[in-house]
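These entries record what I looked up in one structure. I took each topic in turn and wrote down what I found.

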Amino acid sequence: SDLGDFLRFFFLFLVIFIPYVASFWVFFGNRSVPGFHNVSSTIFSMYTISLGYDFPHDEMEDADPIMADLLVATYLALATVIALNLFIAVLSDTFQRVYDNAKANAIMLKAGTMLNLEEKLTRAKLNSYRHEIYFECAPLEEFYDDDENEGEDLKKITVQTYEDVGEVKGLIENLDE
């Protein structure tokens, strides 16, 4: 799965990388720009550009000023920003899957431990244990009546809300007519 994520990222990076290698080679390969004389040197030069190393931008501008700026700017935007963000997203997704798997394994180990402990208990101890969990560890249920402690402000808000709901109901009934 981790290898699959890396291969997907590598494929998407190649979708961006290969057309730019071809474009740089076509525009600068036959114009005596260092690092673009053949395909392998162009690939290496493109790799160094994507890492932010020094590249022969002045010689590229001398060969073709418009295409040099256009190709370098779009390649840097796509290769460094988008591809790096894509790689981070793939790593985050992989981490989340690994974390969720580890969490599920921990829960299963706890459940297995509890079952093993319950099997070793006698019937009386098991019933006592279940009674303790059911009555003492269950969420506390308490009756609460908010009317017995309401103050004057709460009564005003309740009456105002009731009146507002009545107005809205009247408006809706008038729209239906």
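**Entry 1: two helices side by side.** I began with the axes of helix 1 and helix 4, which come within 10 Å and cross at roughly 175 degrees. Angles over 145 degrees count as roughly antiparallel, so helix 1 is roughly antiparallel to helix 4. I then sorted the residues in the contact of helix 1 with helix 4 by class, and found 21 nonpolar, 3 polar and 3 charged residues. I noted here that the model is a predicted one.

**Entry 2: the chain as a whole.** I next looked up the secondary structure of the protein chain, which comes to 6 helices and 0 strands. Read along the sequence, the pattern is α-α-α-α-α-α. The protein chain has 177 residues, of which 18% count as buried.

**Entry 3: the nonpolar core.** How many residues does the largest nonpolar core have? I found 21 residues in this core. Those with the most contacts inside the core are F24, F28, F36, M46, M60 and Y75. The largest share, 8 residues, comes from helix 1.

**Entry 4: the largest pocket.** Rolling a probe the size of a water molecule over the atoms shows where empty space is left. In the largest pocket I recorded about 300 Å³ of space. The lining of this pocket has 13 residues, and the closest to the pocket centre are F13, Y47, S50, L51 and A79. Helix 1 (2-28), helix 2 (39-51) and helix 4 (65-119) are the elements that give two or more residues to the lining. Which of the elements gives the largest share of the lining? I found that it is helix 4, with 5 residues. By class, I listed 11 nonpolar and 2 polar residues in the lining of the largest pocket, and no charged residues.

Entry 5: D58 has its place in helix 3, which covers residues 57-63. Is D58 buried or exposed? The relative accessible area of D58 is 55%. Exposed means over 50%, so D58 is exposed. I also looked up the separation of D58 and A68, which are 10 residues apart in sequence. In space, D58 and A68 are 9.0 Å apart, C-alpha to C-alpha.

Key
Residues numbered from 1 in each chain as written. Predicted model: local features only at pLDDT ≥ 70, side-chain atom pairs only at ≥ 80, totals over all residues. Heavy atoms only, no water. 1 Å grid on protein atoms, 1.4 Å probe; cavity = no way out; pocket = protein on both sides within 12 Å on 5 of 7 lines; lining within 4 Å. Points joined across faces, edges and corners; volume = space filled by probe spheres on them. Helix = DSSP H or I, 4+ residues; strand = E, 2+ residues; numbered from the N terminus. Nonpolar A, V, L, I, M, F, W, Y, C, P; charged D, E, K, R; others polar. Axes fitted to C-alpha atoms, helices over the stretch in contact; angles between N-to-C directions. Parallel < 35°, antiparallel > 145°, perpendicular 65-115°, else oblique. Core = buried A, V, L, I, M, F, W, Y, C linked by side-chain atoms within 4.5 Å. Buried < 20%, exposed > 50% of the residue type's maximum accessible area, 1.4 Å probe, protein only.
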